[in-house]
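Please have the sequence and the model open while reading.

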Amino acid sequence: MASHTPRSVTPISMVRVARPSTVDLITAELRKAIFTGALPVGSPIGEVEMSSQLGVSRSPLRESTQRLVQEGLLTASPGRGMRVSVIGPEHVADVYDARLAIEAQAARLIIKTGASAVIGSIERAYATLVEASKGEDAVAIGDADIEFHRLLVDSAGSRRLSHYMSTLVIETRIASFSDPNGYTVRRSISETYRQLLDALAAGDTSAAFAALEQQFAEAVARLTGEDEDVDTVERPVTEAIPTMTPIEFTDEV
């Protein structure tokens with residue numbers, strides 16, 4: 001019988017799935033706390049108290065807060081430590097200018113790639129916003145609005161656009177929290193949402209840009225007090241504010 005030489009089997013190369021580091025987990029928790037108001041605008045970040053509350057050591061907490069300083073969500077002042085940033089009326093337009101750049105490009109990419117399938121998801125997000133706006137829950141309305149815009153950007157399929165947007169949505173919420181009159185949202189839905197969706201379906205980038213530009217101009221006017229006639233919903237001062245909870249670590253790989 002002829003002998004057969006065993007074939008050499010090339011070992012399969014397995015890529016180890018990276019797990020979030022402790023700093024990543026702390027950063028995510030702090031971002032969520034700022035977004036929900038668990039960390040109010042202007043509030044100090046006490047390392048000892050914060051590390052105890054989150055169940056982490058001060059070293060990774062310090063690294064995490066430095067990240068958020070770089071993102072603009074925290075502000076460091078010599079002799080005063082760190083505080084949650086405040087975005088006053090004079091900076092609101094700048095936040096929305098940045099959002100216009102990101103979201104208009106996302107709309108262009110959606111139209112360019114012909115990703116008609118994603119429009120259905122954005123339509124459903126719009127329907128959620130419409131339904132939320134029928135109620136009196138300001139936070140629910142605000143969350144539905146932000147989710148609509150976040151989904152718009154994520155649907156473009158650009159990791160970097162989504163990354164930039166993740167910070168801008170928190171800055172948008174900070175700007176709303178910074179209003180001395182309290183957290184309020186628009187109750188009536190601007191026609192520009194429907195115009196944007198129609199522009200995406202029609203593949204009209206100019207109309208999509210115009211809809212976003214007008215929508216953000218309306219938001220800036222409301223947040224800066226230039227438009228006081230728009231119907232709004234305010235979060236009651238007695239409403240419970242979310243609190244931070246200790247970070248849960250897992251040994252799963």
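The points below cover a histidine and its surroundings, then the salt bridges.

The model is predicted. His149 sits in helix H6, which spans residues 138-154. Salt bridges in the model number 14, and some of them are described below.

- His149 has a relative accessible area of 1%, and buried means under 20%, so His149 counts as buried.
- The side chain of His149 makes a polar contact with the side chain of Gln215, at 2.7 Å.
- Leaving aside residues up to four places away in sequence, His149 touches Arg99, Glu103, Met165, Tyr193, Leu212, Gln215 and Phe216.

**Asp143 and Arg173**

- Asp143 and Arg173 form a salt bridge, and their closest N and O atoms are 2.7 Å apart.
- Asp143 belongs to helix H6 and Arg173 to helix H7 (residues 159-177), so this pair ties together parts that are 30 residues apart in sequence.
- Asp143 is partly exposed, with a relative accessible area of 32%.
- Arg173 is buried, because its relative accessibility is 3% and the cut-off for buried is under 20%.

**Glu147 and Arg150**

- A salt bridge also joins the side chains of Glu147 and Arg150, with an N to O distance of 3.4 Å.
- Both residues lie in helix H6, and because they are three residues apart, about one helical turn separates them.
- Glu147 is partly exposed at a relative accessible area of 39%.
- Arg150 is partly exposed at 27%.

**Glu218 and Arg186**

- Glu218 and Arg186 form a salt bridge in which the closest N and O atoms are 3.0 Å apart.
- This pair links distant parts of the chain: Glu218 is in helix H9 (residues 205-223), Arg186 is in strand S3 (residues 184-186), and the two are 32 residues apart.
- Glu218 has a relative accessibility of 23%, so it counts as partly exposed.
- Arg186 has a relative accessibility of 27% and likewise counts as partly exposed.

Definitions and conventions. Residues are numbered from 1 along each chain as its sequence is written. This is a predicted model: local features need pLDDT of at least 70, side-chain atom pairs count only at pLDDT 80 or more; totals for chains, interfaces and linings use all residues. Side-chain values use heavy atoms; hydrogens and water are left out. Helices (H or I, at least four residues) and strands (E, at least two) are DSSP runs, numbered from the N terminus. Buried means under 20% relative accessible area, exposed over 50%, partly exposed in between (1.4 Å probe, protein chains only). A polar contact is a pair of N or O atoms within 3.5 Å; within protein, one must be able to donate a hydrogen and the other to accept it, and residues adjacent in sequence count only if both atoms are side-chain atoms. Contact means heavy atoms within 4.5 Å. A salt bridge is a side-chain nitrogen of Lys or Arg within 4 Å of a carboxyl oxygen of Asp or Glu.
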